[in-house]
Amino acid sequence: MTTSLQELLAGWITGQRWFAGKGRAIDDLSIDSEIEIAGGDPALLHLVVCVRQGDRRTRYQIPVGLRERLPDRLEHVRIGRCRRDGREADVYDALHDSALTTHLLEGMAADHAFDGLAFHRADGVEIDTSQRSLVLTAEQSNTSLVFGDTYIFKLFRQLSPGTNPELEIITALAGAGSSHVARPYGWIETTLEDEPTTLAIMQEYLRNANEGWSMALTSVRDLYASADGMPAEDAGGDFAGEARRLGVATAQVHRELARAFPTGTIEPPELKRMTERFRRRLDKAVAEVPLLGEHADVAAEAFDRLGELGHAVQVQRVHGDYHLGQVMRTMTDWVVLDFEGEPGQPLAERRALDSPLRDVAGMLRSFEYAARHLLADHPDADGLEHRAREWSERNRAAFLAGYSEGGGRVRGDEAVLLRALELSKAVYEVVYEARNRPSWLPIPLAAFR
(Lines give C-alpha, C1' and ligand atoms only; values in the text may rest on other atoms or scores of the structure.)
Protein backbone atom coordinates (compact mmCIF):
# COMPACT_ATOMS: atom_id res chain seq x y z
CA MET A 1 0.00 0.00 0.00
CA THR A 2 1.45 3.38 -1.05
CA THR A 3 1.43 6.17 1.52
CA SER A 4 0.08 9.46 0.20
CA LEU A 5 1.90 12.75 0.62
CA GLN A 6 -0.88 14.00 2.91
CA GLU A 7 -0.49 10.96 5.16
CA LEU A 8 3.27 11.43 5.32
CA LEU A 9 2.91 15.09 6.25
CA ALA A 10 0.27 14.38 8.90
CA GLY A 11 2.62 11.96 10.63
CA TRP A 12 5.65 14.24 10.31
CA ILE A 13 4.33 17.70 11.09
CA THR A 14 3.44 17.04 14.73
CA GLY A 15 7.11 16.49 15.55
CA GLN A 16 8.29 19.84 14.17
CA ARG A 17 9.30 22.59 16.57
CA TRP A 18 7.22 25.16 14.69
CA PHE A 19 4.00 23.13 14.76
CA ALA A 20 1.52 25.12 16.87
CA GLY A 21 -0.96 22.32 17.58
CA LYS A 22 1.13 20.07 19.83
CA GLY A 23 -0.82 17.92 22.25
CA ARG A 24 -3.94 17.75 20.07
CA ALA A 25 -4.84 15.08 17.54
CA ILE A 26 -4.93 15.98 13.85
CA ASP A 27 -8.37 15.38 12.42
CA ASP A 28 -7.42 16.20 8.86
CA LEU A 29 -4.54 17.55 6.76
CA SER A 30 -5.18 18.83 3.26
CA ILE A 31 -2.86 20.38 0.68
CA ASP A 32 -4.32 23.75 -0.27
CA SER A 33 -1.56 24.69 -2.70
CA GLU A 34 1.19 22.76 -4.49
CA ILE A 35 3.64 24.64 -6.75
CA GLU A 36 6.67 23.08 -8.43
CA ILE A 37 9.58 25.51 -8.16
CA ALA A 38 12.13 23.12 -9.68
CA GLY A 39 11.67 19.79 -11.44
CA GLY A 40 14.03 16.87 -11.96
CA ASP A 41 15.98 15.00 -9.31
CA PRO A 42 16.04 16.65 -6.86
CA ALA A 43 12.74 18.49 -7.28
CA LEU A 44 11.43 21.33 -5.12
CA LEU A 45 7.74 21.72 -4.29
CA HIS A 46 6.18 24.55 -2.34
CA LEU A 47 3.20 23.37 -0.28
CA VAL A 48 0.61 25.22 1.77
CA VAL A 49 -1.20 22.71 3.96
CA CYS A 50 -4.25 23.16 6.18
CA VAL A 51 -4.36 21.23 9.45
CA ARG A 52 -7.71 20.73 11.17
CA GLN A 53 -7.75 20.04 14.91
CA GLY A 54 -11.28 20.19 16.26
CA ASP A 55 -12.74 23.53 15.18
CA ARG A 56 -9.29 25.06 14.63
CA ARG A 57 -7.80 25.25 11.14
CA THR A 58 -4.19 26.36 10.71
CA ARG A 59 -2.19 26.83 7.53
CA TYR A 60 1.49 25.91 7.33
CA GLN A 61 4.11 26.46 4.66
CA ILE A 62 6.25 23.43 3.80
CA PRO A 63 8.88 23.40 1.03
CA VAL A 64 9.54 19.73 0.29
CA GLY A 65 12.23 18.04 -1.73
CA LEU A 66 11.84 14.91 -3.83
CA ARG A 67 14.75 12.59 -4.62
CA GLU A 68 14.86 9.10 -6.06
CA ARG A 69 17.25 8.19 -3.25
CA LEU A 70 17.95 10.38 -0.25
CA PRO A 71 21.65 10.80 0.59
CA ASP A 72 22.82 10.08 4.12
CA ARG A 73 23.41 13.76 4.87
CA LEU A 74 19.65 14.39 4.52
CA GLU A 75 18.33 11.34 6.36
CA HIS A 76 17.65 13.44 9.47
CA VAL A 77 15.01 15.47 7.57
CA ARG A 78 13.29 12.56 5.81
CA ILE A 79 9.50 12.80 5.77
CA GLY A 80 8.90 9.46 4.07
CA ARG A 81 8.56 7.81 0.70
CA CYS A 82 5.60 8.00 -1.66
CA ARG A 83 4.64 7.57 -5.30
CA ARG A 84 4.27 10.71 -7.38
CA ASP A 85 3.84 11.04 -11.12
CA GLY A 86 4.23 7.32 -11.57
CA ARG A 87 7.51 6.94 -9.65
CA GLU A 88 8.68 6.35 -6.11
CA ALA A 89 10.48 9.24 -4.41
CA ASP A 90 11.90 10.12 -1.01
CA VAL A 91 10.22 13.20 0.47
CA TYR A 92 12.10 15.50 2.84
CA ASP A 93 12.32 19.00 4.30
CA ALA A 94 13.84 20.93 1.39
CA LEU A 95 15.20 23.80 3.51
CA HIS A 96 18.07 21.53 4.61
CA ASP A 97 19.18 20.89 1.02
CA SER A 98 21.38 23.67 -0.37
CA ALA A 99 20.96 22.19 -3.86
CA LEU A 100 17.29 23.22 -3.64
CA THR A 101 17.43 26.40 -1.56
CA THR A 102 19.57 28.01 -4.26
CA HIS A 103 16.35 28.19 -6.32
CA LEU A 104 14.93 30.52 -3.66
CA LEU A 105 17.88 32.88 -4.06
CA GLU A 106 17.67 32.72 -7.84
CA GLY A 107 13.93 33.40 -7.82
CA MET A 108 14.39 36.44 -5.59
CA ALA A 109 17.29 37.79 -7.64
CA ALA A 110 15.20 37.55 -10.82
CA ASP A 111 11.86 38.79 -9.39
CA HIS A 112 10.48 35.49 -10.61
CA ALA A 113 6.74 34.74 -10.55
CA PHE A 114 5.22 31.27 -10.58
CA ASP A 115 1.53 30.47 -10.70
CA GLY A 116 0.48 31.73 -7.26
CA LEU A 117 4.01 32.35 -5.95
CA ALA A 118 5.91 35.65 -6.37
CA PHE A 119 9.56 36.41 -5.58
CA HIS A 120 10.58 40.03 -5.02
CA ARG A 121 13.98 41.72 -4.87
CA ALA A 122 14.25 44.87 -2.77
CA ASP A 123 14.93 48.11 -4.61
CA GLY A 124 18.55 48.98 -5.21
CA VAL A 125 20.13 45.65 -4.23
CA GLU A 126 21.89 42.84 -6.03
CA ILE A 127 21.67 39.25 -4.79
CA ASP A 128 24.63 36.87 -5.02
CA THR A 129 23.07 33.53 -6.01
CA SER A 130 26.31 31.59 -5.43
CA GLN A 131 25.86 31.61 -1.64
CA ARG A 132 25.21 28.22 0.00
CA SER A 133 22.64 27.82 2.76
CA LEU A 134 22.74 26.50 6.31
CA VAL A 135 19.68 26.07 8.55
CA LEU A 136 19.70 27.79 11.93
CA THR A 137 18.28 25.57 14.67
CA ALA A 138 17.41 27.97 17.49
CA GLU A 139 14.00 29.19 16.27
CA GLN A 140 10.70 27.80 17.47
CA SER A 141 8.01 29.30 15.24
CA ASN A 142 9.83 29.93 11.94
CA THR A 143 12.77 28.49 10.00
CA SER A 144 15.79 30.61 9.09
CA LEU A 145 18.63 29.94 6.68
CA VAL A 146 21.96 31.71 6.48
CA PHE A 147 23.30 32.01 2.93
CA GLY A 148 27.08 32.17 3.24
CA ASP A 149 27.88 35.05 5.54
CA THR A 150 25.75 37.51 3.58
CA TYR A 151 22.00 36.88 3.94
CA ILE A 152 19.57 35.53 6.50
CA PHE A 153 16.36 34.13 5.02
CA LYS A 154 13.39 33.68 7.37
CA LEU A 155 10.50 31.48 6.23
CA PHE A 156 7.24 31.83 8.16
CA ARG A 157 5.84 28.40 8.90
CA GLN A 158 2.39 29.31 10.20
CA LEU A 159 0.52 31.47 7.70
CA SER A 160 -2.15 34.13 8.15
CA PRO A 161 -3.58 36.10 5.21
CA GLY A 162 -1.96 39.51 4.89
CA THR A 163 1.39 41.26 4.79
CA ASN A 164 3.65 40.34 7.68
CA PRO A 165 4.36 43.31 9.99
CA GLU A 166 8.09 42.64 9.79
CA LEU A 167 8.14 43.15 6.02
CA GLU A 168 6.18 46.38 6.33
CA ILE A 169 8.43 47.79 9.02
CA ILE A 170 11.88 46.84 7.78
CA THR A 171 11.18 48.08 4.25
CA ALA A 172 9.77 51.36 5.57
CA LEU A 173 12.59 51.99 8.05
CA ALA A 174 15.33 50.92 5.67
CA GLY A 175 13.85 53.16 2.99
CA ALA A 176 13.97 56.05 5.46
CA GLY A 177 17.66 55.41 6.16
CA SER A 178 17.37 53.86 9.62
CA SER A 179 20.62 52.47 11.03
CA HIS A 180 18.72 50.21 13.43
CA VAL A 181 17.38 47.58 11.01
CA ALA A 182 19.20 44.98 8.94
CA ARG A 183 19.02 45.79 5.23
CA PRO A 184 16.21 43.96 3.40
CA TYR A 185 17.13 42.09 0.22
CA GLY A 186 13.86 40.50 -0.81
CA TRP A 187 10.76 38.54 0.06
CA ILE A 188 8.35 35.88 -1.21
CA GLU A 189 4.58 36.15 -1.19
CA THR A 190 1.46 34.35 -2.28
CA THR A 191 -2.26 35.08 -2.12
CA LEU A 192 -4.48 33.70 0.65
CA GLU A 193 -8.15 34.63 0.87
CA ASP A 194 -7.57 37.30 -1.79
CA GLU A 195 -4.85 39.00 0.30
CA PRO A 196 -1.13 39.24 -0.55
CA THR A 197 0.50 37.08 2.13
CA THR A 198 4.15 37.15 3.16
CA LEU A 199 5.89 33.77 3.02
CA ALA A 200 9.55 34.67 3.64
CA ILE A 201 11.87 37.65 4.11
CA MET A 202 15.60 37.92 3.39
CA GLN A 203 17.83 40.49 5.10
CA GLU A 204 21.47 41.29 5.66
CA TYR A 205 23.17 38.75 7.91
CA LEU A 206 24.93 40.55 10.76
CA ARG A 207 27.83 38.12 10.91
CA ASN A 208 30.03 40.13 13.28
CA ALA A 209 27.28 41.23 15.64
CA ASN A 210 26.59 40.00 19.17
CA GLU A 211 23.16 39.15 20.54
CA GLY A 212 21.98 41.34 23.40
CA TRP A 213 20.91 38.37 25.52
CA SER A 214 24.33 36.71 25.29
CA MET A 215 26.10 39.97 26.12
CA ALA A 216 23.87 40.52 29.14
CA LEU A 217 24.45 36.98 30.45
CA THR A 218 28.22 37.42 30.17
CA SER A 219 27.90 40.55 32.29
CA VAL A 220 25.76 38.74 34.89
CA ARG A 221 28.23 35.86 35.11
CA ASP A 222 31.09 38.29 35.63
CA LEU A 223 29.19 39.94 38.46
CA TYR A 224 28.34 36.62 40.12
CA ALA A 225 31.98 35.56 39.92
CA SER A 226 33.30 38.82 41.40
CA ALA A 227 34.13 39.35 45.04
CA ASP A 228 31.07 39.90 47.20
CA GLY A 229 30.62 43.59 47.77
CA MET A 230 32.35 44.65 44.55
CA PRO A 231 30.12 47.20 42.78
CA ALA A 232 28.60 46.06 39.50
CA GLU A 233 30.41 48.79 37.59
CA ASP A 234 33.76 47.32 38.71
CA ALA A 235 32.95 43.65 38.06
CA GLY A 236 34.59 43.43 34.62
CA GLY A 237 31.67 42.92 32.24
CA ASP A 238 29.50 45.88 33.17
CA PHE A 239 26.59 46.15 30.72
CA ALA A 240 25.15 49.49 31.81
CA GLY A 241 26.81 51.49 29.03
CA GLU A 242 25.33 49.17 26.42
CA ALA A 243 21.95 49.23 28.18
CA ARG A 244 21.95 53.03 27.92
CA ARG A 245 22.89 52.92 24.22
CA LEU A 246 20.16 50.34 23.66
CA GLY A 247 17.67 52.70 25.29
CA VAL A 248 18.73 55.50 22.95
CA ALA A 249 18.38 53.19 19.91
CA THR A 250 14.95 52.02 21.08
CA ALA A 251 13.68 55.59 21.34
CA GLN A 252 15.09 56.36 17.89
CA VAL A 253 13.31 53.34 16.39
CA HIS A 254 10.06 54.44 18.01
CA ARG A 255 10.46 57.93 16.52
CA GLU A 256 11.18 56.41 13.10
CA LEU A 257 8.09 54.19 13.34
CA ALA A 258 5.94 57.18 14.27
CA ARG A 259 7.17 59.03 11.17
CA ALA A 260 6.74 56.05 8.83
CA PHE A 261 3.26 54.86 9.90
CA PRO A 262 -0.01 56.37 11.15
CA THR A 263 -0.35 57.21 14.84
CA GLY A 264 -3.35 57.62 17.10
CA THR A 265 -4.57 57.93 20.69
CA ILE A 266 -6.26 55.79 23.31
CA GLU A 267 -8.90 57.80 25.15
CA PRO A 268 -9.60 57.43 28.91
CA PRO A 269 -12.60 55.07 28.45
CA GLU A 270 -10.38 52.64 26.53
CA LEU A 271 -7.71 52.94 29.24
CA LYS A 272 -10.35 51.85 31.77
CA ARG A 273 -11.25 48.88 29.59
CA MET A 274 -7.54 48.01 29.33
CA THR A 275 -7.35 48.13 33.13
CA GLU A 276 -10.33 45.80 33.39
CA ARG A 277 -8.64 43.33 31.03
CA PHE A 278 -5.47 43.45 33.14
CA ARG A 279 -7.50 42.81 36.31
CA ARG A 280 -9.30 39.82 34.77
CA ARG A 281 -5.98 38.29 33.68
CA LEU A 282 -4.60 38.85 37.15
CA ASP A 283 -7.58 37.11 38.74
CA LYS A 284 -7.22 34.15 36.40
CA ALA A 285 -3.49 33.97 37.07
CA VAL A 286 -4.02 33.96 40.85
CA ALA A 287 -6.58 31.17 40.47
CA GLU A 288 -4.05 29.09 38.52
CA VAL A 289 -0.94 30.05 40.53
CA PRO A 290 -2.06 30.76 44.12
CA LEU A 291 1.46 31.85 45.07
CA LEU A 292 0.85 35.01 43.05
CA GLY A 293 -1.99 35.89 45.39
CA GLU A 294 0.48 37.02 48.05
CA HIS A 295 1.63 39.80 45.73
CA ALA A 296 -1.50 40.48 43.67
CA ASP A 297 -2.24 43.77 45.44
CA VAL A 298 0.94 45.26 43.94
CA ALA A 299 -0.34 44.66 40.42
CA ALA A 300 -3.91 45.63 41.29
CA GLU A 301 -2.75 49.00 42.62
CA ALA A 302 -0.73 49.68 39.45
CA PHE A 303 -3.73 48.76 37.28
CA ASP A 304 -6.02 51.01 39.32
CA ARG A 305 -3.66 53.96 38.85
CA LEU A 306 -3.72 53.35 35.08
CA GLY A 307 -7.52 53.41 35.10
CA GLU A 308 -7.49 56.78 36.82
CA LEU A 309 -5.52 58.53 34.06
CA GLY A 310 -7.69 61.30 32.74
CA HIS A 311 -6.12 62.01 29.36
CA ALA A 312 -5.42 60.23 26.08
CA VAL A 313 -2.33 58.06 25.50
CA GLN A 314 -0.39 58.24 22.24
CA VAL A 315 -0.19 54.99 20.23
CA GLN A 316 1.75 53.97 17.12
CA ARG A 317 3.31 50.96 15.42
CA VAL A 318 5.66 49.15 17.81
CA HIS A 319 7.89 46.08 17.83
CA GLY A 320 5.47 44.03 19.92
CA ASP A 321 7.82 41.30 21.18
CA TYR A 322 10.80 43.29 22.40
CA HIS A 323 13.52 41.68 24.51
CA LEU A 324 17.29 41.18 24.61
CA GLY A 325 17.09 38.27 22.17
CA GLN A 326 15.66 40.60 19.51
CA VAL A 327 18.58 43.05 19.39
CA MET A 328 22.12 42.71 18.00
CA ARG A 329 25.14 44.87 18.78
CA THR A 330 27.16 45.63 15.67
CA MET A 331 30.49 47.48 15.58
CA THR A 332 28.61 50.78 15.35
CA ASP A 333 25.17 50.51 16.98
CA TRP A 334 22.27 48.36 18.14
CA VAL A 335 20.12 46.73 15.44
CA VAL A 336 16.56 45.53 16.09
CA LEU A 337 15.31 42.23 14.64
CA ASP A 338 12.02 40.37 14.27
CA PHE A 339 9.36 43.05 13.95
CA GLU A 340 6.67 40.43 13.35
CA GLY A 341 5.26 40.72 16.89
CA GLU A 342 3.99 37.76 18.90
CA PRO A 343 3.82 34.95 16.28
CA GLY A 344 0.88 33.26 18.00
CA GLN A 345 -1.34 36.35 17.87
CA PRO A 346 -3.67 37.23 14.97
CA LEU A 347 -2.10 39.38 12.27
CA ALA A 348 -4.49 42.27 12.92
CA GLU A 349 -3.38 42.44 16.55
CA ARG A 350 0.30 42.36 15.59
CA ARG A 351 -0.22 45.30 13.22
CA ALA A 352 -2.38 47.29 15.64
CA LEU A 353 -1.25 50.60 17.12
CA ASP A 354 0.00 50.41 20.69
CA SER A 355 1.95 52.43 23.22
CA PRO A 356 5.71 52.36 22.59
CA LEU A 357 6.01 51.77 26.33
CA ARG A 358 4.87 48.20 25.70
CA ASP A 359 8.26 47.63 24.06
CA VAL A 360 10.00 49.38 26.96
CA ALA A 361 8.17 47.14 29.42
CA GLY A 362 9.22 44.06 27.47
CA MET A 363 12.87 45.07 27.59
CA LEU A 364 12.69 45.83 31.31
CA ARG A 365 11.32 42.34 31.90
CA SER A 366 14.14 40.94 29.77
CA PHE A 367 16.71 42.62 32.04
CA GLU A 368 15.05 40.91 35.00
CA TYR A 369 15.27 37.54 33.27
CA ALA A 370 18.92 38.08 32.36
CA ALA A 371 19.74 38.94 35.96
CA ARG A 372 17.90 36.04 37.58
CA HIS A 373 17.58 33.09 35.25
CA LEU A 374 21.07 31.82 36.14
CA LEU A 375 19.85 31.53 39.74
CA ALA A 376 17.34 28.81 38.81
CA ASP A 377 18.59 25.61 40.49
CA HIS A 378 21.77 27.47 41.56
CA PRO A 379 23.14 26.11 44.87
CA ASP A 380 23.84 29.65 46.12
CA ALA A 381 20.73 31.33 44.73
CA ASP A 382 19.84 33.02 48.03
CA GLY A 383 23.36 34.37 48.45
CA LEU A 384 23.37 35.82 44.93
CA GLU A 385 19.90 37.35 45.07
CA HIS A 386 21.22 40.77 46.06
CA ARG A 387 23.69 40.69 43.15
CA ALA A 388 20.89 39.86 40.71
CA ARG A 389 18.83 42.74 42.06
CA GLU A 390 21.82 45.10 41.81
CA TRP A 391 22.49 44.13 38.17
CA SER A 392 18.84 44.44 37.19
CA GLU A 393 18.31 47.81 38.85
CA ARG A 394 21.52 49.24 37.39
CA ASN A 395 20.76 48.16 33.82
CA ARG A 396 17.06 48.98 33.91
CA ALA A 397 17.94 52.50 35.07
CA ALA A 398 20.59 52.84 32.35
CA PHE A 399 18.14 51.68 29.66
CA LEU A 400 15.46 54.11 30.82
CA ALA A 401 17.99 56.95 30.96
CA GLY A 402 19.02 56.18 27.39
CA TYR A 403 15.41 55.97 26.28
CA SER A 404 14.78 59.44 27.69
CA GLU A 405 18.00 60.71 26.13
CA GLY A 406 16.83 59.40 22.76
CA GLY A 407 13.54 61.29 23.03
CA GLY A 408 11.31 58.68 24.67
CA ARG A 409 8.92 59.73 27.46
CA VAL A 410 8.86 57.77 30.73
CA ARG A 411 7.90 60.43 33.29
CA GLY A 412 4.70 61.21 35.16
CA ASP A 413 1.68 59.53 33.59
CA GLU A 414 3.92 57.64 31.17
CA ALA A 415 5.57 55.98 34.18
CA VAL A 416 2.12 54.91 35.44
CA LEU A 417 1.37 53.27 32.10
CA LEU A 418 4.82 51.66 31.95
CA ARG A 419 4.43 50.16 35.43
CA ALA A 420 1.03 48.69 34.54
CA LEU A 421 2.33 47.23 31.27
CA GLU A 422 5.35 45.71 32.97
CA LEU A 423 3.31 44.07 35.72
CA SER A 424 0.76 42.82 33.19
CA LYS A 425 3.59 41.09 31.34
CA ALA A 426 4.91 39.68 34.62
CA VAL A 427 1.44 38.22 35.32
CA TYR A 428 1.61 36.42 31.97
CA GLU A 429 5.13 35.20 32.81
CA VAL A 430 3.99 33.77 36.15
CA VAL A 431 1.43 31.57 34.43
CA TYR A 432 3.86 30.57 31.66
CA GLU A 433 6.64 29.58 34.07
CA ALA A 434 4.25 27.68 36.35
CA ARG A 435 3.11 25.63 33.36
CA ASN A 436 6.44 25.12 31.63
CA ARG A 437 9.44 25.91 33.89
CA PRO A 438 8.44 25.84 37.56
CA SER A 439 12.04 26.40 38.71
CA TRP A 440 11.93 29.79 36.92
CA LEU A 441 8.79 30.95 38.74
CA PRO A 442 10.77 33.15 41.20
CA ILE A 443 11.88 35.34 38.25
CA PRO A 444 8.48 36.90 37.43
CA LEU A 445 7.36 36.78 41.08
CA ALA A 446 10.23 39.12 41.95
CA ALA A 447 8.52 41.83 39.89
CA PHE A 448 5.75 42.11 42.51
CA ARG A 449 8.06 42.65 45.47
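This is a predicted model: local features need pLDDT of at least 70, side-chain atom pairs count only at pLDDT 80 or more; totals for chains, interfaces and linings use all residues.
Me: Why is Thr-197 called buried?
Reply: Thr-197 has a relative accessible area of 1%, and buried means under 20%, so Thr-197 is buried. Thr-197 is found in strand 13, residues 195-204.

Me: What makes the approach of Thr-197 to Gly-162 a polar contact?
Reply: A polar atom of the Thr-197 side chain lies 3.1 Å from the backbone nitrogen of Gly-162. The limit for such a pair of N or O atoms is within 3.5 Å. Thr-197 also touches other residues, including Ser-160, Pro-161, Ile-188 and Leu-192.

Me: What makes strand 12 mostly covered?
Reply: Seven of the nine residues of strand 12 (residues 184-192) are buried, and buried means under 20% relative accessible area.

Me: How do you know that strand 12 pairs with strand 7 and with strand 13?
Reply: Pairing needs at least two bridges. Strand 7 (residues 117-121) and strand 12 have four bridges, in the antiparallel sense, and His-120 stands opposite Trp-187 in strand 12. Strand 12 and strand 13 are joined by eight bridges and run antiparallel; here Gly-186 stands opposite Met-202 in strand 13. Both pairs therefore meet the requirement of at least two bridges.

Me: What is found in the hairpin of strand 12 and strand 13?
Reply: Two residues lie between the strands, and Glu-193 takes a positive phi near 50 degrees. Asp-194, in the loop between strand 12 and strand 13, has a positive phi of about 65 degrees although it is not a glycine.

Me: Why is Asp-194 called exposed?
Reply: The relative accessible area of Asp-194 is 77%, and exposed means over 50%, so Asp-194 counts as exposed.

Me: Why are strand 6 and strand 8 said to stand at the edges of the sheet?
Reply: The open sheet has seven strands in the order 6-7-12-13-10-9-8, with antiparallel pairing. Strand 6 (113-114) and strand 8 (133-135) each have a single partner strand, so one side of each is left without a neighbour in the sheet. Strand 6 is joined to strand 7 by two bridges, which meets the requirement of at least two. In this pair, Ala-113 stands opposite Ala-118 in strand 7.

Me: Which strands does helix 2 touch where it packs on the sheet?
Reply: Helix 2 (residues 98-109) touches strand 7, strand 8, strand 9, strand 10, strand 12 and strand 13, and its direction makes about 70 degrees with that of strand 7. Helix 3 packs on the sheet as well, touching strand 10, strand 12 and strand 13, with its direction at about 55 degrees to that of strand 13.

Me: Why is helix 3 called roughly perpendicular to helix 5?
Reply: The axes of helix 3 (residues 165-175) and helix 5 (residues 240-260) cross at roughly 95 degrees and come within 10 Å. Angles of 65 to 115 degrees count as roughly perpendicular, so helix 3 is described that way relative to helix 5.

Me: Which residues make the contact of helix 3 with helix 5?
Reply: Ile-169, Ala-172 and Leu-173 in helix 3 meet Val-253, Glu-256, Leu-257 and Ala-260 in helix 5. They divide into six nonpolar, no polar and one charged.

Me: Why is strand 5 called largely enclosed?
Reply: Five of the seven residues of strand 5 (residues 87-93) are buried, so strand 5 is largely enclosed by the rest of the structure.

Me: How do you know that strand 5 pairs with strand 3 and with strand 4?
Reply: Four bridges join strand 3 (residues 56-67) to strand 5, and six bridges join strand 4 (residues 78-84) to strand 5. The requirement is at least two, and both pairs are antiparallel. Tyr-92 in strand 5 is the bridge partner of Gly-65 and of Arg-78.

Me: Why do Pro-343 and Asp-338 count as partly exposed?
Reply: Pro-343 has 31% relative accessibility and Asp-338 has 22%. Buried is under 20% and exposed is over 50%, so both residues count as partly exposed. Pro-343 is in the loop between strand 18 and helix 8, and Asp-338 is found in the loop between strand 18 and helix 8.

Key. Residues are numbered from 1 along each chain as its sequence is written. Side-chain values use heavy atoms; hydrogens and water are left out. Buried means under 20% relative accessible area, exposed over 50%, partly exposed in between (1.4 Å probe, protein chains only). A polar contact is a pair of N or O atoms within 3.5 Å; within protein, one must be able to donate a hydrogen and the other to accept it, and residues adjacent in sequence count only if both atoms are side-chain atoms. Contact means heavy atoms within 4.5 Å. Axes are lines fitted to C-alpha atoms, for helices over the stretch in contact, and angles run from 0 to 180 degrees between N-to-C directions. Angles under 35 degrees count as roughly parallel, over 145 as roughly antiparallel, 65 to 115 as roughly perpendicular and the rest as oblique. Ala, Val, Leu, Ile, Met, Phe, Trp, Tyr, Cys and Pro count as nonpolar, Asp, Glu, Lys and Arg as charged, and the others, Gly among them, as polar. Lists of a residue's contacts leave out its neighbours within four places in sequence.
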